[in-house]
Amino acid sequence: MMTSVDTDLIRVLADPLRLRIVTLLAQETLCTTHLVEETGAKQTNLSNHLKVLREAGVVETEPCGRFTYYRLKPDVVASLAGQFADLAEAARATAENNVKRSCP
């Protein structure tokens with residue numbers, strides 16, 4: 001059985017600032033102003049990264065007056081973690097069974 005990992009999601013989370021945003025949102029729901037304070041990023045840069053995270057389905061928004069709050073979607077992270085767990089299990093089975101392809 002071939003185990004695969006969502007490479008598009010990996011690309012989205014590979015950016016250090018986006019990973020920092022996801023880490024912060026795992027702790028609490030935050031607005032852009034909070035995220036600017038926490039990351040030190042410029043508001044326009046942060047908004048672009050949040051757009052990427054929204055479009056990838058990693059975060060969801062909640063309007064609150066003139067602010068927009070962002071919340072991490074835990075199911076997305078759990079799904080990715082499950083994919084890595086499956087990959088680790090496949091590697092473990094390969095090592096235990098000494099599975100290797102012979103060279104031509």
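Helices (H or I, at least four residues) and strands (E, at least two) are DSSP runs, numbered from the N terminus. The model is predicted: local features need pLDDT of at least 70 and side-chain atom pairs count only at pLDDT 80 or more, whereas totals for chains, interfaces and linings use all residues. Residues are numbered from 1 along each chain as its sequence is written, and side-chain values use heavy atoms, with hydrogens and water left out.

**View 1**
From the N terminus the order of elements is α-α-β-α-α-β-β-α. The radius of gyration, taken over C-alpha atoms, is 18 Å; this is well over the 13 Å given for 104 residues by the globule rule (2.2 Å times the number of residues to the power 0.38), so the chain is more spread out than a compact globule. Along the principal axes, the C-alpha atoms fill a box of roughly 65 × 25 × 20 Å. With contact meaning heavy atoms within 4.5 Å, residues 24 or more positions apart account for 54% of the contacts with a separation of 6 or more.

Helix α3 covers residues 32-39 and includes T32. Relative accessible area sorts residues into buried (under 20%), exposed (over 50%) and partly exposed (in between), using a 1.4 Å probe and protein chains only. T32 has a value of 14% and is buried. Of the 104 residues in the chain, 26% count as buried. Leaving aside residues up to four places away in sequence, T32 touches Q43, L46, S47, L50, T68 and Y70.

**View 1. A81 in helix α5, with V5.**
A81 lies in helix α5, which spans residues 74-96. The relative accessible area of A81 is 45%, so this residue is partly exposed. A81 and V5 are separated by 76 residues in sequence, and their C-alpha atoms are 9.4 Å apart in space.

C64 is in no disulfide; its nearest cysteine sulfur belongs to C31 and is 8.9 Å away. C64 is partly exposed, at a relative accessible area of 39%. C103 is exposed, with a relative accessible area of 72%.

Key: A disulfide is a pair of cysteine sulfur atoms within 2.5 Å.
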